[in-house]
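Me: I'm new to this one and would like to go through it piece by piece. Can you keep the answers plain?

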Amino acid sequence: MIQPPDEDTDARGAAPTALKLVAAVFILGGVLAALEVLVALVAGRLSLNFGVLGLFIGPGLLRFSPGWRLCALVCIWIGIVGLLLAGACFLGNPDRLTVTIFFIPAGQASPALALGMCAFCLLIAVWQYRVLTRPDIRVLFDAKSLDVH
């Protein structure tokens, strides 16, 4: 049986620091997505943003829920594919891009800046994936490996 590492966990079996950071990124994304939905509603628009799942994924990861870990991995993979597609679109677009924040135009940005943001987000997504698939993290979500007496 694989044992979780002692260096990142306390005596109560709290989540390792890397897992807490992954959960925090999901929660932050969920809060921003919920805020976007609320701003759209106030403006009279209906916005469907699956990012609000981060409000549930983050706490689920901290509770070592295998289902929420799987949901997190699926969301990460969808994000990676989306970021790669967006990056490819930015590479082929020489025009400046209109930046909007909560549906309000905020100015113009170069495709290079957009590509840089995609690369940054891609690095975060790959890091999240690597954390959630590490053997010492994966074992925390495996109900069969827990010694429950």
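Me: To start with the helices, in which hand of crossing does α1 pass α2, left-handed or right-handed?

Reply: The model here is a predicted one, and in it α1 passes α2 in a left-handed crossing. The axes of α1 and α2 cross at roughly 160 degrees and come within 7 Å, which makes α1 roughly antiparallel to α2, as angles over 145 degrees are counted that way.

Me: Which residues make that contact between α1 and α2?

Reply: From α1 the contact takes Leu-19, Lys-20, Val-22, Ala-23, Phe-26, Ile-27, Gly-30, Val-31 and Ala-34, and from α2 it takes Gly-54, Leu-55, Ile-57, Gly-58, Pro-59, Leu-61 and Leu-62. Sorted by class, the contact of α1 with α2 has 12 nonpolar, 3 polar and 1 charged residues.

Me: And at what angle do α1 and α4 pack?

Reply: The angle between α1 and α4 is about 135 degrees, and their axes lie 10 Å apart, which means that α1 is oblique to α4. The crossing of α1 and α4 is left-handed. On the α1 side the contact is made by Ala-18, Leu-19, Leu-21, Val-22, Val-25 and Phe-26, while on the α4 side it is made by Ile-124, Trp-127, Gln-128, Val-131 and Leu-132. The contact of α1 with α4 divides into 10 nonpolar residues, 1 polar and no charged.

Me: What about α3 and α4, how do their axes cross?

Reply: The axes of α3 and α4 cross at roughly 155 degrees and come within 9 Å, and the two helices are therefore roughly antiparallel to each other. The crossing in which α3 passes α4 is left-handed. Residues of α3 that meet α4 include Arg-69, Trp-77, Leu-83 and Phe-90, and among those they meet in α4 are Pro-111, Cys-121, Tyr-129 and Thr-133. By class, the contact of α3 with α4 has 20 nonpolar residues, 3 polar and 1 charged.

Me: Changing topic, how much space lies in the largest pocket?

Reply: The largest pocket holds about 1,300 Å³ of space. Its lining is made up of 32 residues, and those nearest the centre of the pocket are Gly-29, Leu-32, Gly-51, Leu-83 and Cys-121.

Me: Which element gives the most to that lining?

Reply: That is α1, which gives 8 residues to the lining of the largest pocket. At least two residues of the lining are supplied by each of α1 (17-42), α2 (54-62), α3 (66-91), β1 (97-101) and α4 (111-133).

Me: How does the lining divide into nonpolar, polar and charged?

Reply: The lining of the largest pocket has 21 nonpolar residues, 10 polar and 1 charged.

Me: One last thing, what is the phi of Phe-64, and where does Phe-64 lie?

Reply: Phe-64 has a positive phi of about 60 degrees, although it is not a glycine, and Phe-64 lies in the loop between α2 and α3.

Me: Why point that out?

Reply: It is worth a look because most residues other than glycine have a negative phi.

Methods. Residues numbered from 1 in each chain as written. Predicted model: local features only at pLDDT ≥ 70, side-chain atom pairs only at ≥ 80, totals over all residues. Heavy atoms only, no water. 1 Å grid on protein atoms, 1.4 Å probe; cavity = no way out; pocket = protein on both sides within 12 Å on 5 of 7 lines; lining within 4 Å. Points joined across faces, edges and corners; volume = space filled by probe spheres on them. Helix = DSSP H or I, 4+ residues; strand = E, 2+ residues; numbered from the N terminus. Nonpolar A, V, L, I, M, F, W, Y, C, P; charged D, E, K, R; others polar. Axes fitted to C-alpha atoms, helices over the stretch in contact; angles between N-to-C directions. Parallel < 35°, antiparallel > 145°, perpendicular 65-115°, else oblique. Left-handed = near helix turned anticlockwise from the far one by under 90°. Contact = heavy atoms within 4.5 Å.
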